[in-house]
Amino acid sequence: MIHIIDDDVIMSECIANFVKPRPVHAFTNAIDAISALNDEIPDLIFLDILLDGPNGFTYLNEIASYTETKKIPVVIITSMQLPSNLGPYGVVKILDKSTMTPADIRALAEEYS
C-alpha cells in the first residue's frame, strides 16, 4: 500500500497512475492521513509539504514519534527548496515537482513497496 498526501488532487491522481498496479490511498490533508495510520501502515508515502491545515512537516513529526511508523520510507514531493538532511524523519528522497518524471515515481515505488 502506498499513501499519497497532497492537496492537489490532480497531482495525487498522476502519482497513483505512475505506481500502478500497486494499491494507493490518497489524502488531501495531514489529519486524514494520520488517522488512516490506525487502520493501515503503508509501505511508502509520497508527501507534499505545503498542505491545507497542518503541513507536511507536522505529518513527518507525527509519524516519527511512533515505533510502528517512524521507519516508513517517505518521498517528499514539493516545489520548495529543502535541506537534504531529513533522513531522521524517514525521508528517502526529495523530488522537485517541476522536474520529477513518471520514471522517478515508478522507480521509487518499485524500490520501497
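Leaving aside its neighbours within four places in sequence, with which residues is threonine 78 in contact? The residues are Asp48, Ile49, Ile94, Leu95, Asp96 and Lys97, where contact means heavy atoms within 4.5 Å.

This is a predicted model, in which local features need pLDDT of at least 70, side-chain atom pairs count only at pLDDT 80 or more, and totals for chains, interfaces and linings use all residues. Residues are numbered from 1 along each chain as its sequence is written, and side-chain values use heavy atoms, with hydrogens and water left out.

**The sheet**

Helices (H or I, at least four residues) and strands (E, at least two) are DSSP runs, numbered from the N terminus. Five strands form an open sheet in the order β2-β1-β3-β4-β5, with parallel pairing; two strands pair if DSSP finds at least two bridges between them. At the edges lie β2 and β5 (91-96), each of which pairs on one side only. On average, neighbouring strands of this sheet are turned by 15° against each other, direction ignored. Such axes are lines fitted to C-alpha atoms, for helices over the stretch in contact, and angles run from 0 to 180 degrees between N-to-C directions.

| Strand pair | Sense | Bridges |
|---|---|---|
| β3 and β4 | parallel | 4 bridges |
| β4 and β5 | parallel | 5 bridges |

Within these pairings, leucine 47 has isoleucine 76 of β4 as its bridge partner, while valine 75 is partnered by lysine 93 in β5.

**Strand β4 and threonine 78**

Threonine 78 belongs to β4, which spans residues 74-78. Because its relative accessibility is 2%, threonine 78 counts as buried; buried means under 20% relative accessible area, exposed over 50% and partly exposed in between (1.4 Å probe, protein chains only). The strand β4 is mostly covered, with 5 of its 5 residues buried. In a regular strand the side chains alternate between the two faces of the sheet. In β4 both faces are covered, with Val74, Ile76 and Thr78 buried on one side and Val75 and Ile77 buried on the other.

**Helices and the cis peptide bond**

A right-handed β-α-β unit is made by β3, helix α3 (residues 56-64) and β4. Right-handed means that, with the strands pointing away from the viewer, the path from the first strand over the helix to the second runs clockwise. Helix α1 lies across β1 (2-5), β2, β3 (44-48) and β4, and runs at about 160° to β1.

Most peptide bonds are trans. Lysine 20 and proline 21, however, are joined by a cis peptide bond with omega of about 10°. Proline 21 is located in the loop between α1 (9-18) and β2 (24-27).
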